[in-house]
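Subject: Structure handover

Hello,

Here is the structure I promised to pass on. Please open it first, then read my notes below.

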Amino acid sequence: LGYKAKQGYSVIRVAVRRGGRKRPNGKGIVYGKPKHQGIVVKATRNLRAYAEGRAGRHATNLRVLNSYWINEDATHKYFEVIMVDPHHTKIRNDPRINWIVNPVHKHRELRG
């Protein structure tokens, strides 16, 4: 996944609430055409992508490298997100990871 036990790497644990989004619907009556009568709205991205985006917004000075599932219960799914500090000297000098230092990789977790 890319994690190394060296300076500049950190791991953030994120909990994402499971399930889709239920559309608010007064009195249970849906008006209009049958195409628009869906109540449960499914997300286009998976919960792991939402966890990466949440971690990227939490630690704005770090870059998201990867993530993995660790646990789930009835209400949450838990992921660990590997973050890299692009300003750390050990990261900038390592030829295997210093590609993430370029400004084009800012918030790449939010762009797919």
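Contact, in these notes, means heavy atoms within 4.5 Å. Please keep in mind that this is a predicted model.

**Glu109**

Start in the segment after helix H2 (89-93), where Glu109 is found. Leave aside its neighbours within four places in sequence. Glu109 is then in contact with Arg45, Glu52, Gly53, Gly56 and Val64. Is Glu109 buried or exposed, and what is the nearest side chain of opposite charge? Glu109 is buried, yet it has no salt bridge. The nearest side chain of opposite charge belongs to Arg108, 5.9 Å away. Glu109 does have a polar partner: its side chain and that of His107 are joined by a polar contact of 3.2 Å.

His107 is partly exposed, at 33% relative accessible area. Its phi is near 50°, a positive value in a residue other than glycine. Most residues other than glycine have a negative phi.

Lys27 has a positive phi too, near 60°. Look for Lys27 in the loop between strand S2 (21-22) and strand S3 (40-41). Lys27 counts as exposed because its relative accessible area is 81%.

**The cores**

Which residues make up the largest nonpolar core? There are eleven: Ile12, Val14, Val16, Ala51, Ala55, Ala59, Leu62, Val64, Phe79, Val81 and Met83. Strand S1 (9-17), helix H1 (47-58) and strand S5 (76-84) each supply at least two residues of this core. Apart from it lies another core, of eight residues, including Tyr9, Ile82, Ile97 and Val101. Nonpolar side chains tend to be buried together in soluble globular proteins.

Take Ile12 as one member of the largest core. Beyond its neighbours within four places in sequence, Ile12 is in contact with Ala55, His58, Ala59, Phe79, Glu80, Val81 and Met83.

**Strands S4 and S5**

Strand S4 (residues 63-72) and S5 run antiparallel, with eight bridges between them. A hairpin of three residues joins S4 to S5.

Leaving aside neighbours within four places in sequence, His76 is in contact with Ala15, Val16, Arg17 and Arg18.

**Two more residues**

Where is Arg48? Arg48 is found in helix H1. Arg48 is partly exposed, with a relative accessible area of 34%. Not counting residues up to four places away in sequence, Arg48 touches Asn66, Ser67 and Phe79. Arg48 and Ser67 are 19 residues apart in sequence, and their C-alpha atoms are 7.4 Å apart in space.

Asp94 sits in the segment after H2. Why does Asp94 count as buried? Asp94 counts as buried because its relative accessibility is 11%, and the cut-off for buried is under 20%. Between Asp94 and Gly32 there are 59 Å in space, C-alpha to C-alpha, and 62 residues in sequence.

Over to you.

Best wishes

How values were computed:
Residues are numbered from 1 along each chain as its sequence is written. This is a predicted model: local features need pLDDT of at least 70, side-chain atom pairs count only at pLDDT 80 or more; totals for chains, interfaces and linings use all residues. Side-chain values use heavy atoms; hydrogens and water are left out. Helices (H or I, at least four residues) and strands (E, at least two) are DSSP runs, numbered from the N terminus. Buried means under 20% relative accessible area, exposed over 50%, partly exposed in between (1.4 Å probe, protein chains only). Lys and Arg count as positive and Asp and Glu as negative; His and the chain ends are not counted. A salt bridge is a side-chain nitrogen of Lys or Arg within 4 Å of a carboxyl oxygen of Asp or Glu. A polar contact is a pair of N or O atoms within 3.5 Å; within protein, one must be able to donate a hydrogen and the other to accept it, and residues adjacent in sequence count only if both atoms are side-chain atoms. A nonpolar core is a set of buried Ala, Val, Leu, Ile, Met, Phe, Trp, Tyr and Cys residues joined through side-chain atoms within 4.5 Å. Two strands pair if DSSP finds at least two bridges between them.
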